[in-house]
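Please read the points with the model open beside them.

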Amino acid sequence: MSNTARKSIGYGVEMVAFRVGPQEFCVDIKAVREIRGWTPATTLPHAPHYIMGVINLRGTVLPVVNLAARLGLHVDEPTPRHVIIVVQAEDQTFGLLVDAVSDILSVSPELMQGAPDLAQDSAKAFVSSVIALEDRMIARVIPERMLPERLRLN
């Protein structure tokens, strides 16, 4: 990603912004280990519908979550244009399949607003806050809530 993609919106938390369909989301940059191109995943029997399967990341078996499916959004078949954001949360490393990474943002805490009360409880389980920027609304996702309970390491 070029330096022109880095946008400063005050001083604060560094975020990686990405698209899933027409919507924008972000995750704390400290949770991101790497961003890689789409690699077909090996499916796992009886896995939840939002688990694409697993990929081999330099000898480590990495589960991949289709973020669109996990959030209940329209799911497209992955293409070479999709990317996997490798995140680490609660001692678990996994991938988030997204359409594209759009920006790296520095967001001041004042710009982060709690998820609206109108949001369903299930949506609030995955989104910690919403960031309003000019003509954009970016939802901050909670990576540790993306995996099913039985795949989480505690």
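1. Strands are DSSP runs of E with at least two residues, numbered from the N terminus. The model is a predicted one, in which local features need pLDDT of at least 70, side-chain atom pairs count only at pLDDT 80 or more, and totals for chains, interfaces and linings use all residues. Residues are numbered from 1 along each chain as its sequence is written, and side-chain values use heavy atoms, with hydrogens and water left out.

2. Strand 7 has two partners described here.

3. Is strand 7 (residues 83–89) largely enclosed or largely open? Six of its seven residues are buried, so the rest of the structure largely encloses the strand. Buried here means under 20% relative accessible area, exposed means over 50%, and partly exposed lies in between (1.4 Å probe, protein chains only).

4. Glu-90 is partly exposed, at 44% relative accessible area. Asp-91, found in the loop between strand 7 and strand 8, also has a positive phi, about 60°, although it is not a glycine. With a relative accessibility of 66%, Asp-91 counts as exposed.

5. What separates the C-alpha atoms of Glu-90 and Arg-145? The distance is 9.8 Å, for two residues that are 55 residues apart along the chain.

6. Another positive phi, near 30°, belongs to Glu-134, again a residue other than glycine. Glu-134 lies in the loop between strand 11 (127–133) and strand 12 (136–141). Its relative accessible area is 82%, so Glu-134 is exposed.

7. How many aromatic pairs does a search of the whole structure find? The search finds one. Phe-18 and Phe-25 form this pair, which is stacked, with 6.3 Å centre to centre and 25° between the planes. Rings of Phe, Tyr and Trp (its six-membered ring) pair if their centres lie within 6.5 Å; planes under 30 degrees apart are stacked, over 60 edge-to-face, and the rest tilted. Phe-18 is buried at 0% relative accessibility, and Phe-25 is buried at 5%.

8. Arg-70 has its charged end over the ring of Tyr-50, 4.0 Å from the ring centre. The test asks for NZ of Lys or CZ of Arg within 6 Å of the ring centre and within 35 degrees of the ring normal.

9. A cavity is a set of points on a 1 Å grid over the protein atoms alone, where a 1.4 Å probe fits but cannot get out; lining residues have an atom within 4 Å of a point.

10. The lining of the largest cavity includes Val-20, Asn-66, His-74, Asp-76 and Leu-97. The lining residues divide into five nonpolar, four polar and two charged. In this scheme Ala, Val, Leu, Ile, Met, Phe, Trp, Tyr, Cys and Pro are nonpolar, Asp, Glu, Lys and Arg are charged, and the others, Gly among them, are polar.

Terms used: 1 Å grid on protein atoms, 1.4 Å probe; cavity = no way out; pocket = protein on both sides within 12 Å on 5 of 7 lines; lining within 4 Å. Helix = DSSP H or I, 4+ residues; strand = E, 2+ residues; numbered from the N terminus.
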